[in-house]
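Let's take a walk through this model together. Keep the sequence and the 3D view open side by side as you read.

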Amino acid sequence: FVKDSLNRKLEEKKERCRVENSELCFYVQSNSPLSSQQWETLRWLLSETFEPEGFSTASSFLEGEENGKTVLEVGPRMSFTTAWSTNAVAICKACGLKEITRIERSTRFLLKSIDGSAINSQDLEFFLEQVHDRMTEMRYENPLKNFDSGMKPQPVQSIQLLERGREALLEINDEMGLAFDEQDVELYLNLFKELNRNPTNVELFDLAQSNSEHSRHWYFRGRIVIDGKEQEESLMSVVKSTLKENTNSVIAFCDNSSAIRGFKVETIMPQEPGKPSKFDKKEVDYDLLFTAETHNFPTGVAPKPGAETGTGGRIRDTHATGRGSLVVAGTACYCVGNLQIPSYSLPWEDSTFDY
């Protein structure tokens, strides 16, 4: 399906290359050598469920340029461990492979030109744009030998706030994209003057995240003034007000979720939760849990990771409520505003709109 979809797109754009084949490649890091039995377990875990014969410890087409064919490999950037790797390592450990510390997967494409000539850099660049996310993925010029990104952490900097005052804070705000507004600037100026010391760039970056609207819900808890008249309730108190009424609400906006009174259902439950055991049929009282997840980044810039963040947030929020939950159903709607990225206009954007 992926191969056919990509080839249709290449044909529509009148590109000279086509996808002849593709394969997934797994890079595995361990802190000690694996035994033959552990290798078999790992092979079983990584093999395709319905086509285990397709698994191999060597690439099926890593011969390089030959007869107008080129191998192009894309995978995650080495600067972070992917969520997929975290889950894969957890599964390995559950299967007794304690030595596995990281697993990443890439995709290799075997490309061929339609006329048998060599594929040029322009063709490769166009194809690369179709198959990878620049924010989270990169092209591997050669198969990986390790996960070292080659990047070294920059030294922690002391921001000369006491010596230069407001100017120093505004400079680092602009340089690091901290998005401090006027109230933030005044707050942190006064805070570090009271502490009688300069902040570091690490501290300011942390404050920008942990004290942000996303984390603190300042607008939800802030004063509401409509037509010059301050309202008695904040948005947060309006959301929670259903608990004060004689309704079927159990919790409102607690642990990022709300629940209404449910009913008794018959289900199966383990005899001994927390350890392997038989399941018994029991009647339990289950309430209905609801949550909504909003994310304004990175869905517009990186659609797939953004969607994963939103979906993961909805699942996490319900699981974190009370003693946990069962995910039954979910809906998703993604709306993207005017990003207005320089030299990258998008069809839905209104260039006259100013935030």
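Does S212 count as buried or exposed, going by its relative accessibility? S212 counts as buried, because its relative accessibility is 19% and buried means under 20% relative accessible area, exposed over 50%, and partly exposed in between (1.4 Å probe, protein chains only). Before going on, please note that this is a predicted model, in which local features need pLDDT of at least 70 and side-chain atom pairs count only at pLDDT 80 or more, while totals for chains, interfaces and linings use all residues. Residues are numbered from 1 along each chain as its sequence is written, and side-chain values use heavy atoms, with hydrogens and water left out.

To find S212, look at the loop between α8 (201–210) and α9 (213–216); helices (H or I, at least four residues) and strands (E, at least two) are DSSP runs, numbered from the N terminus. A polar atom of the S212 side chain lies 2.7 Å from the backbone oxygen of Q209. This is a polar contact, meaning a pair of N or O atoms within 3.5 Å; within protein, one must be able to donate a hydrogen and the other to accept it, and residues adjacent in sequence count only if both atoms are side-chain atoms. Setting aside neighbours within four places in sequence, S212 is in contact with L207, H217 and W218, where contact means heavy atoms within 4.5 Å.

N201 is buried, with a relative accessible area of 12%. Beyond its neighbours within four places in sequence, N201 is in contact with P155, V156, Q157, I159, I172 and M176.

That leads us to how α8 packs on α6. The axes of helix α6 (residues 166–176) and α8 come within 11 Å and cross at roughly 70°; axes here are lines fitted to C-alpha atoms, for helices over the stretch in contact, and angles run from 0 to 180 degrees between N-to-C directions. The two helices α6 and α8 are therefore roughly perpendicular to each other, since angles under 35 degrees count as roughly parallel, over 145 as roughly antiparallel, 65 to 115 as roughly perpendicular and the rest as oblique. Their crossing is right-handed: a crossing is left-handed if the near helix is turned anticlockwise from the far one by less than a right angle, and right-handed if clockwise. On the α6 side L169, I172 and M176 meet N201, L204 and F205 of α8. The residues of this contact divide into five nonpolar, one polar and no charged, with Ala, Val, Leu, Ile, Met, Phe, Trp, Tyr, Cys and Pro counted as nonpolar, Asp, Glu, Lys and Arg as charged, and the others, Gly among them, as polar.

Now turn to the packing of α6 with helix α7 (residues 182–195), where the axes come within 10 Å and cross at roughly 125°. That angle makes α6 oblique to α7. The contact is made by R166, L169 and L170 of α6 together with E182, V185, E186, Y188 and L189 of α7. Sorted by class, this contact of α6 with α7 has five nonpolar, no polar and three charged residues. The crossing of α6 past α7 is right-handed.

Next, visit helix α4 (residues 121–131), in which D123, L124, F126, F127, L128 and V131 are buried. These buried residues pack against α1 (2–12), β1, β2 (69–76), β3 (100–113) and β4 (137–140). At the start of α4, a side-chain oxygen of N120 comes within 3.1 Å of the backbone nitrogen of Q122. Helices α1 and α4 pack at an angle of about 135°, their axes 11 Å apart, which makes α1 oblique to α4. Here L6, K9 and L10 in α1 meet F126, F127, Q130 and V131 in α4. The residues of that contact divide into five nonpolar, one polar and one charged.

Finally, consider a pairing across the sequence. S32 is found in the loop between β1 (17–30) and α2 (36–46), and at 28% relative accessibility S32 counts as partly exposed. Its C-alpha atom is separated by 6.1 Å from that of E99, 67 residues away along the chain.
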